[in-house]
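Here is my notebook from a first walk through this model. Come along and keep the structure open beside you.

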Amino acid sequence: MPETAIWWVRHDLRLHDNPTLAAASEADHLLAVYCFDPAAYGNQPYGGSDDFTFQKTGSHRAQFHREAVDDLRASLRERGSDLLVRHGDPATEIAAVVDAVDADRLHAQRLPAPEEVATEGAVREAVGDDVAVETHWTHTLYHPDDLPSPPAEIQDTYTPFRKAVEADSDVRPTVETPSLPPLPESAPEAGSIPTLADLDSSLSPPEPDDHAGLGFEGGETAGKARLQHYLWEADRLREYKETRNGLRGADFSSKLSAWLAAGCLSPRHIAAEVGRYETERVANDSTYWLVFELLWRDFFQFQVAKYGGQYFAKGGLQERDGLDWRDPDDEPAANTAFDQWCAGETGIPFVDAAMRELNATGYQSNRARQNAASFLANDLGIDWRRGAAYFETQLVDYDPCSNYGNWAYIAGVGNDSRDRAFNILWQADRYDPDAAYVTHWLPELAGLPARYAHAPWTMSDAEQSEYGVELGSDYPEPTVRLEIPDDVFDE
Ligand SMILES: Cc1cc2nc3c(=O)[nH]c(=O)nc-3n(C[C@H](O)[C@H](O)[C@H](O)COP(=O)(O)OP(=O)(O)OC[C@H]3O[C@@H](n4cnc5c(N)ncnc54)[C@H](O)[C@@H]3O)c2cc1C
């Protein structure tokens with residue numbers, strides 16, 4: 001009997017190095033389907049203790065995903081196949097497609113975060129026992145089966161994990177894009193890609209922002225073009241380790257995160273390209289460091305596989321439940337401070353620039369993320385999950401493991417027992433000595449010397465008049481009066 005397979009596309013919106021597609025293409029007929037899940041849009045509960053609601057997906061990521069689906073559909077059509085697009089509960093929608101073509105087998109990506117695991121479980125149940133379901137782990141550099149120990153037993157700190165993996169594990173070779181079997185004869189109608197307003201009536205297309213370092217266009221085609229640009233055309237990988245803490249511009253870091261998160265790029269393909277660059281151009285600390293960062297990404301994926309829902313809990317994997325976080329739902333002052341942080345109106349320019357960049361573009365550099373997160377959790381003392389959930393809404397590259405893993409780490413409830421609080425003004429002086437980043441996003445501070453652009457509250461009334469920046473009117477008074485460390489802002 002000829003076999004009909006369904007490829008349920010999840011965060012693997014690509015044809016290259018896709019083991020799920022390769023396995024599904026062994027069937028006689030193949031149909032790909034992507035489902036926009038209403039639970040990933042609009043206001044949704046966080047869940048767990050001290051629950052709150054938040055907007056799951058903002059316009060930057062929603063638009064990126066629409067583009068990525070459109071791009072995959074175009075690539076499949078070029079090859080004589082198609083991508084069905086559905087908008088509804090994945091269990092219902094996938095089961096309906098399985099029924100419509102009388103599929104024998106369902107192939108899908110396996111993901112570690114609790115919501116993704118629950119969705120997989122619901123789909124398995126809905127398609128029933130007559131359909132063989134095969135899941136494939138395809139989004140990390142290393143495959144979990146190749147780790148020195150299973151994810152449930154991996155180390156909780158990065159360095160020993162990395163050393164063990166580098167010593168004992170190998171990255172599997174990338175998988176060729178298969179030739180695609182024909183569509184089933186009874187393939188249902190392809191369906192249209194929902195608009196932003198269909199996904200969430202409060203969403204509208206993001207305005208392009210000319211302050212942005214890079215516009216992020218969703219899809220495998222744009223992701224591959226970005227990789228080609230960063231490595232081969234701009235030739236910036238050779239200096240990545242020195243530039244990666246940058247704040248402004250297109251090429252200080254790879255900017256591959258959004259395509260990785262949606263699965264438009266495979267990390268193994270990136271590592272293979274880094275290997276080729278090392279052979280054809282240069283191998284140095286910088287070329288190694290990009291792979292080192294991809295291993296950080298893996299680490300958080302495997303940590304979530306190990307800890308599940310506990311990873312997202314207020315006390316984190318360390319179950320530090322005694323910490324006294326301020327709750328914006330219970331305390332009006334905390335609510336105001338949280339809103340100011342979200343809007344980039346805290347009166348601390350380094351934090352405000354980061355938040356205005358996030359809101360305008362869906363992206364922040366790693367350095368900006370660390371400082372914005374640390375300020376919320378460690379200086380304002382607000383429940384770190386609220387900040388992480390706000391990042392979930394806004395980030396174009398949101399990934400549950402990387403986002404909540406990094407947040408928990410900085411809030412002191414994650415994979416490190418050390419105090420990870422950042423001294424914001426020290427950081428501002430070190431990474432933005434000329435205040436170029438701060439004044440890029442806060443043009444109202446552009447006329448100030450760097451010291452005052454970073455700490456405008458230290459200006460006297462006379463200086464405010466001299467520079468034409470009145471605190472409380474042109475720019476907010478600070479929410480928190482941060483101490484200026486002795487050794488910073490020395491001219
Ligand atoms: C509070 C906070 C929240 C974050 N949320 C996310 C998120 O939701 N999604 C996300 O992809 N990254 C997240 N990061 C990690 C990191 O900031 C971004 O991956 C990086 O800034 C993306 O830019 P890039 O692609 O140019 O990175 P590069 O510096 O070029 O790094 C290359 C790749 O390595 C991976 N990587 C680098 N740093 C980290 C890290 N610290 N943790 C995990 N992976 C890393 C990313 O996939 C990145 O694309 C977060 C960091 C912090 C501090």
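**Entry 1: words I need.** I call two axes roughly parallel at angles under 35 degrees, roughly antiparallel at over 145, roughly perpendicular at 65 to 115, and oblique for the rest. The axes are lines fitted to C-alpha atoms, for helices over the stretch in contact, and the angles run from 0 to 180 degrees between N-to-C directions. My helices (H or I, at least four residues) and strands (E, at least two) are DSSP runs, numbered from the N terminus.

I note that this is a predicted model, where local features need pLDDT of at least 70 and side-chain atom pairs count only at pLDDT 80 or more, while totals for chains, interfaces and linings use all residues. Residues are numbered from 1 along each chain as its sequence is written, and side-chain values use heavy atoms, with hydrogens and water left out.

**Entry 2: H13 and H14.** I looked up helix H13 (residues 349-361) and helix H14 (residues 366-379), which pack at an angle of about 115° with their axes 9 Å apart. H13 and H14 are therefore roughly perpendicular to each other. Their crossing is left-handed, meaning that the near helix is turned anticlockwise from the far one by less than a right angle; clockwise would be right-handed.

Which residues of H13 meet H14? I found Phe350, Val351, Ala354 and Met355 in H13 against Ala368, Asn371, Ala372 and Phe375 in H14, with contact meaning heavy atoms within 4.5 Å. By class, this contact has seven nonpolar, one polar and no charged residues. For these classes, Ala, Val, Leu, Ile, Met, Phe, Trp, Tyr, Cys and Pro count as nonpolar, Asp, Glu, Lys and Arg as charged, and the others, Gly among them, as polar.

**Entry 3: H10 and its partners.** I turned to helix H10 (residues 267-280), which packs with helix H11 (residues 285-307) at about 165°, the axes being 10 Å apart. H10 and H11 are therefore roughly antiparallel to each other. Their crossing is left-handed. On the H10 side I see Pro267, Ile270, Val274, Tyr277 and Glu278, and on the H11 side Thr287, Tyr288, Leu290, Val291, Leu294 and Arg297. The residues of this contact divide into eight nonpolar, one polar and two charged.

H10 also meets helix H7 (residues 220-233), with axes that come within 11 Å and cross at roughly 25°. H7 and H10 are therefore roughly parallel to each other, and their crossing is right-handed. The H7 residues are Lys224, Leu227, Leu231 and Trp232; among those they meet in H10 are Ile270, Val274 and Tyr277. I count this contact as six nonpolar, one polar and four charged residues.

**Entry 4: the sheet.** What is the strand order of the open sheet? I read E5-E2-E1-E6-E7, five strands with parallel pairing; two strands pair if DSSP finds at least two bridges between them. Strands E5 (83-87) and E7 (132-136) stand at the edges with a single partner strand each, so one side of each has no neighbour in the sheet. The twist averages 25° from one strand to the next.

Strand E1 (residues 4-9) pairs with strand E6 (residues 105-109) over four bridges, and Ile6 has Leu106 as its bridge partner in E6. Helix H2 (residues 59-78) lies across E1, E2 and E5, at about 150° to E5. Helix H4 (residues 114-127) lies across E1, E6 and E7, at about 160° to E7.
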